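Subject: Structure handover

Hi,

Here is the structure I promised you. My notes follow below it.

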Amino acid sequence: MNKLKAWIETTFLKDYTISIASADASFRKYYRAIKNEKTYIIMDSSLELDSLKPFVGISSRLSNVDVNVPKIYAQNLEDGFLILEDFGNTNLLDVLDESNFKMHYANAINEILKMQRADATKLPLYDKAFLHFEMDLMREWYLEKKLSYSLRDQEKNLVQNSLEMISKVVLSQPQDVFVHRDFHSRNIMLTNKQTLGVIDYQDAMCGAITYDLVSLLKDCYISFKRKEIEKLALSFRDKVSPETDDVEFLKWFDFMGLQRHIKVLGVFSRLSIRDGKDGYLEDIPLTLNYTIETALRYEETKALGEFLQRVSQ
């Protein structure tokens, strides 16, 4: 903190006050600085230096396609510090309800469409190996460590075969677009101007067209009726892949959701067990419900859904 404050004193932010703004699932810290009644966000990535250059680079890519990302006012890449535009304290999760989610999601889908026009060259690829690396987190951290469940050989084969089916469908859809990776209600800010601000995109990759759509519409922190979510998903389809029929697109969407939620079961469990962030345990039931409900919907993954239903009771 002393090094951070010493650096801030070398910038335009002299004579400021500072307070904690938030922390996220990583080791980054965020502070809010106030000077002359104007506020700024200070990002401290000193414990996660590798994420800072990608954040700056991705900010530029997104700005180039008119995505509303925080302006960078000052940077210290060597020590891991940034001074950013402050989008305020209100994220989409704070305001979403049955009366307004269609409007907010429609606006957020427009942001996805813009993001997918961003330059995705040289971004890490969401290939089969990485899809499986993420899904394997469920077995280690959710099944084995959180549930203390030891899989029998037959169950290992069932899980592995199901994951193969999931990645096959995910990779069958159009790839090669910019993927935010965490485009959900806690990373979409509602600014004072009532516009959407996008944050936390430093882990962006190049991957499937439905990934960010799933992150938004099958949010691990809030859910709405399946019928309405399908309508929103198909409205996105009409803009990006109109030649794809409803059944095929919704399968792409659902299997992308399976991949993401299987990963998240592992990530939330790891955040609690390894990092002591127990708050994420509250979000496991919804994530698990998404996973089981979707798996049971399709013949290829029905056995996986039944297995997770049984061991998670």
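The second largest pocket has a volume of about 190 Å³. Note that this is a predicted model. By class, the lining residues are two nonpolar, five polar and four charged.

Next, the hairpin. Strand 4 covers residues 72-76 and strand 5 covers residues 81-85. The two strands run antiparallel, joined by four bridges. Gln75 has Leu82 of strand 5 as its bridge partner. Four residues lie between strand 4 and strand 5. Gly80 sits in that turn, with a positive phi of about 95°.

Then a helix pair. Helix 4 spans residues 101-115, and helix 8 spans residues 226-240. Their axes come within 11 Å of each other. The crossing angle is roughly 30°. Angles under 35 degrees count as roughly parallel, so helix 4 and helix 8 are roughly parallel to each other. The crossing of helix 4 and helix 8 is right-handed.

Best wishes

Methods
Residues are numbered from 1 along each chain as its sequence is written. This is a predicted model: local features need pLDDT of at least 70, side-chain atom pairs count only at pLDDT 80 or more; totals for chains, interfaces and linings use all residues. Side-chain values use heavy atoms; hydrogens and water are left out. Two strands pair if DSSP finds at least two bridges between them. On a 1 Å grid over the protein atoms alone, a cavity is a set of points where a 1.4 Å probe fits but cannot get out, and a pocket is an open set with protein on both sides within 12 Å along at least five of seven lines; lining residues have an atom within 4 Å of a point. Grid points are joined across faces, edges and corners, and a volume is the space filled by probe spheres set on the points. Ala, Val, Leu, Ile, Met, Phe, Trp, Tyr, Cys and Pro count as nonpolar, Asp, Glu, Lys and Arg as charged, and the others, Gly among them, as polar. Axes are lines fitted to C-alpha atoms, for helices over the stretch in contact, and angles run from 0 to 180 degrees between N-to-C directions. Angles under 35 degrees count as roughly parallel, over 145 as roughly antiparallel, 65 to 115 as roughly perpendicular and the rest as oblique. A crossing is left-handed if the near helix is turned anticlockwise from the far one by less than a right angle, and right-handed if clockwise.
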